[in-house]
Amino acid sequence: MKRDYSLLGEDARRAVQSGLAAAEWYHSDVPRKEMKAFMAREDQPAIRDTIILFGAMATLAALGVALWPSLWSAPFWLAYGVLYGSAMDSRWHECGHGTAFRTAWMNNAVYQIASFCMVRNPVTWRWSHARHHTDTIIVGRDPEIVAMRPPALFRIVLNLFGILDAWNGWARMLLNASGRLDPEEASFIPESEHPKVIRVARIWVAIYAATLAVAVWTGSILPLMLIGLPRLYGAWHHVLTGVLQHAGLADNVVDHRLNSRTVHMNPISRFIYWNMNYHVEHHMFPMVPYHRLPALHDRIKDDLPAPNPSMWHAYREVLPVLRRQLAHEDYFLRRELPATARPYREDFHAAAAGNAA
Amino acid sequence: MTDWIDACGAEDVDAEDVIRFDHGGRTYAIYRSPEDDYFCTDGLCTHEQVHLADGLVMDHLIECPKHNGQFDYRTGEAMRAPVCVNLRTYPAKVEGGRVLIGVAS
Ligand code: FES
């Protein structure tokens, strides 16, 4: 069946009609008292991680600048780039949810910086991400589906270097700065927020203009190595981890165990990704801060499909599915539940389940 | 005219917490603040009709479990996107260890 991913298209209309949009989703049972403890907020873990992150960025950038233009500066730029173009993705995400810190202004400050680095308008993307949580991988409703069907593999490869995402972000920034919104974004952002979208875009244009001016004035791309370009040369890690969130799994279902994936990762990737490798848990309970997701995973793992033990293992699972989807876009991977789990609601997911691996 | 409806026992709600109360085809949320004052609002978030009683109370804010929108539950004021529309509030009082909420009759 041909899928129409437009938010204004045929599948969008069908999702609303069939009740798939804004539906009631499955949750593992966790008593309220325990869930409150999981949801509780604190500042300390995120303050520590933010000091490490910004401290590392400042140090790596300083070394990169000091060694510029020698090739010896390359490793420092590569590391700086990953923190700018990938770690900022997860900071954008967690602070957008408002769960990273307990203190609101801290969430907002990091959210604004991370949004700038990732070239995602902080107002627009707050709304688009809300839709991603309401209608996760519902075709025509979710604006954040990375691996559409059939999967645009070339597009994903280009995005390892930020080529499409960042360029689209900059093009959108210029559109917004001119006082206009794209019709799709206007479909999910309330009108009262439109002026905020435009204001942020104009501030960003001013920052990029100043950076470009310094580059021209000094006759060097060094200022762009610090601001802007790392969104391209450091994007690969967030794409590598992000693809695993939902790719190859079911669409149009209302159980995150069917459409999201939890993957065990090494500690460095988990720092960069701020524990979003616990992705089923995050979608089921988006109020739980990143630093409690491992504990939440332990608490509900008997109700979830087994996590992939590594990124390598996950890719060995995902890539053959994506390859097969090139020819058969209805094909997907259905992950088995342990005997201890509450079963999937087959009646609800009959249409999707028919094509499972 | 306000009808005072018996919603729950005062001890049924923990301090800095919320519970759900359904009555007359509507759903309400009953809050107990850290200072042991009681408040009542509509039970569903104004963004996407999600039960706020599954959310998190922090000081005088209720955070919605779906997209982390926040309201001040004392006034119903929408405090954090994606909520933009204020929440309706109802008077609440404690009498004889019971929480009563005031609903227009
Ligand atoms: S449903 Fe409450 S914030 Fe979206």
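This is a predicted model: local features need pLDDT of at least 70, side-chain atom pairs count only at pLDDT 80 or more; totals for chains, interfaces and linings use all residues.

Reader: Which residues form the nonpolar patch on the surface?

Author: Val157(A), Phe161(A), Ile163(A) and Trp167(A). Together they have about 400 Å² of accessible area.

Reader: And where is the place of Trp167(A)?

Author: Trp167(A) sits in helix 8 of chain A, residues 163-177.

Reader: Which residues of chain A does UniProt list as "transmembrane region"?

Author: The unreviewed entry gives residues 51-71, 152-170 and 203-229. In the model, residues 152-170 of chain A are 79% helix and 0% strand. The end C-alpha atoms of that span are 21 Å apart. For residues 203-229 of chain A, the figures are 78% helix, 0% strand and 18 Å between the end C-alpha atoms.

Reader: Switching to chain B. In what order do the four strands of the open sheet come?

Author: The order is 2-3-4-9, with antiparallel pairing. Strand 2 (17-23) and strand 9 (89-90) of chain B are the edges, each pairing on one side only.

Reader: How many bridges are there between strand 3 and strand 4 of chain B?

Author: Five. Ala29(B) stands opposite Thr41(B) of strand 4.

Reader: What about the loop between strand 3 and strand 4 of chain B?

Author: Asp36(B) is in that loop. Its phi is near 70°, positive although the residue is not glycine. Most residues other than glycine have a negative phi.

Reader: Which peptide bonds are cis?

Author: One joins Arg149(A) to Pro150(A), with omega near -10°. Pro150(A) is in the loop between helix 6 (122-134) and helix 7 (153-159) of chain A. Another joins Ala81(B) and Pro82(B), with omega about 10°. Pro82(B) lies between strand 8 (78-80) and strand 9 of chain B, in the loop.

Reader: What does UniProt annotate on chain B?

Author: An unreviewed entry has "domain: Rieske" over residues 5-101. That span is 0% helix and 47% strand, and its end C-alpha atoms lie 5 Å apart.

Reader: Now the interface. How many residues of chain B are in contact with chain A?

Author: 22 residues of chain B contact 21 residues of chain A. About 1700 Å² is buried between the chains, with 48% of that from carbon and sulfur atoms.

Reader: How many salt bridges does the rule find across the interface?

Author: Seven. Lys33(A) and Asp14(B) also meet in a salt bridge through their side chains, at 2.9 Å from N to O.

Terms used. Residues are numbered from 1 along each chain as its sequence is written. Chains are lettered from A and ligands numbered from 1 in the order in which they are written. Side-chain values use heavy atoms; hydrogens and water are left out. Patches are made of residues with over 30% relative accessible area and no salt bridge: like charges are joined within 9 Å, nonpolar side chains (Val, Leu, Ile, Met, Phe, Trp, Tyr) within 5 Å. Accessible areas come from the Shrake-Rupley method with a 1.4 Å probe; for residues, only the protein chains shown count as cover. A salt bridge is a side-chain nitrogen of Lys or Arg within 4 Å of a carboxyl oxygen of Asp or Glu. Helices (H or I, at least four residues) and strands (E, at least two) are DSSP runs, numbered from the N terminus. Two strands pair if DSSP finds at least two bridges between them. UniProt positions are given in the numbering used here, feature names are shortened, and annotations may be inferred rather than shown by experiment. Contact means heavy atoms within 4.5 Å. Buried area is the accessible area (1.4 Å probe) that two parts lose on being put together, summed over both.
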